[in-house]
Amino acid sequence: MESHRVDADQLLTSSMSHHRYGPQRARLNIQASGDEDDMNGGAWCGNQDDKVHWIELDARTLTEFTGVITQGRDDPIENDYVTSYYVAFSNDSREWTVLHDGYSEWLFFGNNDKHTPAISQFVEPMVARYIRILPQSWNGTMCMRMEVMGCPLPDPQSQYQSQNEVIAKDDLDYRHHSYEDMEKFMKSVSDECPYITRLYSLGNSSQGRELYAMEISDKPGIHEIGEPEFRYTAGYHGNEALGRELLLFLMQYLCREYKDGNPRVRRLVDGTRIHLVPSVNPDGHAKAFERGSELGSWTLGHWTEDGADIFQNFPDLTNVFWDAEDKGMVPKLTPNHHVPIPEGYLAENGPVVVETRALISWMESHPFVLGANLQGGERMVTYPFDMRRLTKEMVEDQSLFRWLAISYASTHRTMTNIFRGGCHTDDPTRGLGIVNRAKWKPIPGSMNDFSYLHTNCFELSIFLGCDKFPHQSELQREWEHNREALLTLMEQVHRGVKGVVSDKEGKPIVNATVSVEGVNHDVMTGEAGDYFRLLNPGEYRVTVRADGYSSQNRMCVVGFEPGATLCNFELTKSNWDRIKQIMALHGNKPIRLLNPGRVRGRDHTRNKIFSRRKAGDH
């Protein structure tokens with residue numbers, strides 16, 4: 001139900017109080033729209049005038065049902081939930097058998113509040129095609145959300161048809177990992193592939209857990225000139241467990257496929273420095289993991305121990321940048337890139353929590369080019385800006401961000417299936433699988449906006465599915481849905497132009513600014529003098545500037561073939577530093593230029609007086 005593998009037309013109810021509370025709203029953890037006029041309510045609610053209520057699920061095949069999980073209505077004010085119910089089964093939806101213990105019908109106890117899921121497991125599995133829940137008592141109005149537990153029985157006919165099919169399956173560790181399990185798992189991958197991996201830590205959580213990262217590269221621990229750096233991060237919200245597991249599967253997959261000589265994986269690992277951080281909020285995950293997949297609520301473990309949502313705990317540079325733009329200060333007084341962090345943000349008593357500070361330090365110490373954070377609760381990819389602006393919402397690299405987002409969504413197996421709709425409301429992507437975050441659910445202080453404005457790295461958010469914490473049996477299916485998309489996005493780090501900026505002696509120039517004509521967003525060279533500028537195919541006028549050097553520009557052509565276009569720059573020293581020194585001696589006032597041909601008589605006397613006065617001043 002929660003994962004939306006059960007379609008809306010598989011659900012039938014005795015009645016509904018309003019179309020806003022129809023049977024399609026009965027999914028566990030479904031979130032209501034805040035607009036009462038919207039058709040998306042926070043539960044299925046029956047007609048209050050009816051004496052008998054039921055909701056029925058057609059599994060469309062014989063299924064071994066093992067239990068039911070119930071939950072109340074998602075509503076900020078009302079307190080509606082079912083406290084008891086019967087369960088019935090059928091193979092034809094006409095003749096029903098209510099579950100009983102041999103003497104009487106079995107009454108199951110439901111919820112004690114509207115948010116906490118309550119599980120009822122059957123003493124023995126029940127085999128049927130249809131299952132029906134019959135509420136008997138409730139608090140407030142008769143409203144409920146639910147999940148059905150069970151497994152479809154094998155179909156002999158489909159087994160016969162598929163027995164000769166060749167199905168590729170990766171032999172990975174498909175299970176949910178506790179913090180201790182994750183620690184052991186990452187160490188085992190590092191031991192299995194010591195020549196292409198490096199296990200390291202970004203720092204510690206507020207409860208002292210390591211924020212582990214795995215580097216995968218042909219030369220781990222070294223930034224190679226001309227080799228871009230990519231990152232995947234997950235677990236910002238501790239109860240969004242799928243991203244965490246996908247990154248663990250990914251590191252194991254890259255390790256084993258590299259050893260087996262997979263040419264695509266070898267090309268990716270040899271040409272890219274990859275960083276994978278599976279659990280940014282390990283403290284929150286520990287809470288959610290303790291409750292488990294079925295019983296974790298929508299919010300349990302979402303925040304850090306200090307109560308912060310890590311993803312939107314970053315310094316809000318977007319408003320700083322927009323304010324400077326409105327005042328005409330960009331780019332002459334305020335840069336259009338690497339916007340500095342306002343004073344006080346990173347102080348011990350500042351608004352940024354310890355996990356976020358560790359992330360910022362990590363982002364500043366690596367020349368990341370592209371990254372994505374894996375989240376849950378929806379199925380789509382979002383791109384910056386994440387914050388809404390009344391006068392202008394588009395980010396400078398809008399078309400590039402859309403391309404990066406669609407490269408993931410279009411290669412995901414289900415993300416662009418328009419018939420599925422959204423997880424909680426109508427599909428905000430309109431079937432594309434991508435959306436600008438500012439037009440969907442704008443937030444200030446996001447990691448994506450911070451990354452774009454403070455570093456060279458372009459960052460996306462990937463929402464992996466409706467179920468934040470899918471059952472362990474779903475993990476292999478989810479990996480197969482995401483594997484191609486995960487690889488495809490990493491390959492996009494090689495799109496655009498790259499090169500090295502050096503002086504005439506071949507020495508690298510650090511912190512040179514690389515500008516693209518027509519795009520008001522620059523990048524900077526790293527410690528090796530190399531730069532990477534993601535761009536879509538086309539012709540671009542690229543200009544490089546550095547203090548003490550004359551600027552240089554050239555035309556760089558980005559083609560459709562794989563691989564970034566090489567555009568190196570060799571800058572010559574300018575006399576601008578000496579000019580600035582002379583100007584400083586004169587209080588940075590304009591320097592009077594003398595015409596040698598006119599230094600005669602009275603002009604000659606006046607200039608001598610002027611020179612003596614200036615000499616006296618100093």
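Tutor: Start with the strand β3. It gives the largest share of the lining of the largest pocket, seven residues. Keep in mind that this is a predicted model. Two elements give two or more residues to that lining: β3 (55-71) and β8 (143-152). In total, 30 residues line the largest pocket. Nearest its centre lie Arg5, Val148, Gly150, Pro152 and Glu474. The space in the largest pocket comes to about 910 Å³.

The protein chain has 618 residues, and 53% of them count as buried. It contains 13 helices and 24 strands. Its C-alpha trace spans about 125 × 55 × 45 Å along the principal axes. Look at the contacts in the chain with a separation of 6 or more: 76% of them are between residues 24 or more positions apart.

Next, take a single residue in a loop. Asn29 sits between β1 (11-13) and β2 (44-45). Is Asn29 buried or exposed? Its relative accessible area is 4%, so Asn29 counts as buried, because the cut-off for buried is under 20%. Leave out residues up to four places away in sequence, and Asn29 touches Glu2, Gln71, Arg145, Gly296, Ser297, Trp298 and His424.

Compare a residue in a helix. Phe185 belongs to helix α2, which covers residues 179-192. Phe185 has a relative accessible area of 5%, so it is buried. Which residues does Phe185 contact, leaving aside neighbours within four places in sequence? They are Asp173, His177, Leu248, Met251 and Gln252. Take Leu248 from that list. Phe185 and Leu248 are 63 residues apart in sequence, yet their C-alpha atoms are 7.9 Å apart in space.

Now find strand β12, residues 273-277. Five of its five residues are buried, so β12 is largely enclosed by the rest of the structure. In a regular strand, side chains alternate between the two faces of the sheet. Check both faces here. Arg273, His275 and Val277 are on one side of β12, with Ile274 and Leu276 on the other, and all are buried.

What pairs with β12? Strand β10 (residues 210-216) does, in the antiparallel sense and over three bridges.

Finish with another sheet. Four strands form an open sheet in the order β19-β18-β21-β22, with antiparallel pairing. Which strands are at its edges? They are β19 (519-524) and β22 (552-558), and each pairs on one side only. Neighbouring strands of this sheet are turned by 30° against each other on average, direction ignored. Zoom in on one pair. Strand β18 (residues 513-516) is joined to β19 by three bridges, and the two run antiparallel. Val516 has Val519 in β19 as its bridge partner.

Definitions and conventions
Residues numbered from 1 in each chain as written. Predicted model: local features only at pLDDT ≥ 70, side-chain atom pairs only at ≥ 80, totals over all residues. Heavy atoms only, no water. Buried < 20%, exposed > 50% of the residue type's maximum accessible area, 1.4 Å probe, protein only. Contact = heavy atoms within 4.5 Å. Pairing = 2+ DSSP bridges. 1 Å grid on protein atoms, 1.4 Å probe; cavity = no way out; pocket = protein on both sides within 12 Å on 5 of 7 lines; lining within 4 Å. Points joined across faces, edges and corners; volume = space filled by probe spheres on them. Axes fitted to C-alpha atoms, helices over the stretch in contact; angles between N-to-C directions.
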